[in-house]
Amino acid sequence: MDLSTFVRDIPDFPKKGIIFKDITPLLNNPEALSNCLASLVSNSPSKVDKVIGIEARGFFFGTALAEKLQAGFIPVRKKGKLPYDTIEEQYSLEYGEDALEIHQDAIKKGDKVLIHDDVLATGGTAKAVINLVEKLGGEVVQCNFLIELDFLKGRNKLNSPIFSLLNY
Ligand code: AMP
């Protein structure tokens, strides 16, 4: 199944010059949804303790992936959204700057952690999450993405194994 036919390009969203990769057609199609999750699962490492989904589009598949891998799920959220004690990391992305947070008790030392998001663009977001995991003593065993924008060379920022379903 060619999942790329379920990704819609939205030019100039959320600002001029960005071609936004809209995955809602993929989420909307039961066969594509199931095929996408199965591909992520079959390309994941065998031993994973925790899956991190990055707010917000990393939540769509992150929790399902965690369940399939018999791992726990951890939300990493924008600053100020998580209710308990957090640690924070600043980051920059293709269209702005922000900070991400994780609960300080979400990862145990030595946990094998898989980080999931919808799109790898410049890599700033994923790199910030790797830093959060390492600060808490976890080991990043994979970063996986539905889509990687190769021309932005985000993977050069990430010194962890990377898997992407679709490359542009
Ligand atoms: P970056 O930190 O530059 O790798 O940006 C990755 C984050 O921004 C991810 O959470 C994506 O959801 C979002 N993002 C960046 N560029 C795009 C794009 N062209 N289409 C959709 N989402 C994007």
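Cys36 is buried in this predicted model, with a relative accessible area of 1%. Cys143 is buried as well, at a relative accessible area of 0%. A disulfide is a covalent bond between the sulfur atoms of two cysteines. The cysteine sulfur closest to that of Cys36 belongs to Cys143, and it lies 17 Å away, too far for a bond. Seen from Cys143, the closest cysteine sulfur is that of Cys36, again at 17 Å. The cut-off for a disulfide is a sulfur pair within 2.5 Å, and a search of the whole structure finds zero disulfides.

The backbone comes next. Most residues other than glycine have a negative phi, and most peptide bonds are trans. The loop between strand S1 (8–11) and strand S2 (19–22) contains Pro14, and the peptide bond that joins Phe13 and Pro14 is cis, with omega about -5 degrees. Asp12 lies in the loop between S1 and S2 too. Although Asp12 is not a glycine, its phi is positive, about 60 degrees. With 41% relative accessibility, Asp12 counts as partly exposed.

A cis peptide bond also runs from Glu55 to Ala56, where omega is near -10 degrees. Ala56 is found in the loop between strand S3 (50–54) and helix H3 (58–68). Gln70 has a positive phi near 55 degrees and is a residue other than glycine. Its relative accessibility is 76%, so Gln70 counts as exposed.

Turning to side chains, the structure holds two aromatic pairs. One of them joins Phe13 and Phe20 in an edge-to-face arrangement, 5.2 Å centre to centre and with 85 degrees between the planes. Phe13, which also takes part in the cis bond to Pro14, is partly exposed at 44% relative accessible area, whereas Phe20 counts as buried at 12%. The pair of Phe59 and Phe73 has ring centres 6.1 Å apart and planes at 85 degrees, so this pair is edge-to-face. Because Phe59 lies in helix H3 and Phe73 in strand S4, the pair ties together parts that are 14 residues apart in sequence. Phe59 is partly exposed, with a relative accessible area of 24%, and Phe73 is partly exposed at 28%.

Lys21 lies over the face of Tyr168, at 3.7 Å from the ring centre.

Terms used
Residues numbered from 1 in each chain as written. Predicted model: local features only at pLDDT ≥ 70, side-chain atom pairs only at ≥ 80, totals over all residues. Heavy atoms only, no water. Helix = DSSP H or I, 4+ residues; strand = E, 2+ residues; numbered from the N terminus. Buried < 20%, exposed > 50% of the residue type's maximum accessible area, 1.4 Å probe, protein only. Phe/Tyr/Trp six-rings, centres within 6.5 Å; stacked < 30°, edge-to-face > 60°. Lys NZ or Arg CZ within 6 Å of the ring centre and 35° of its normal.
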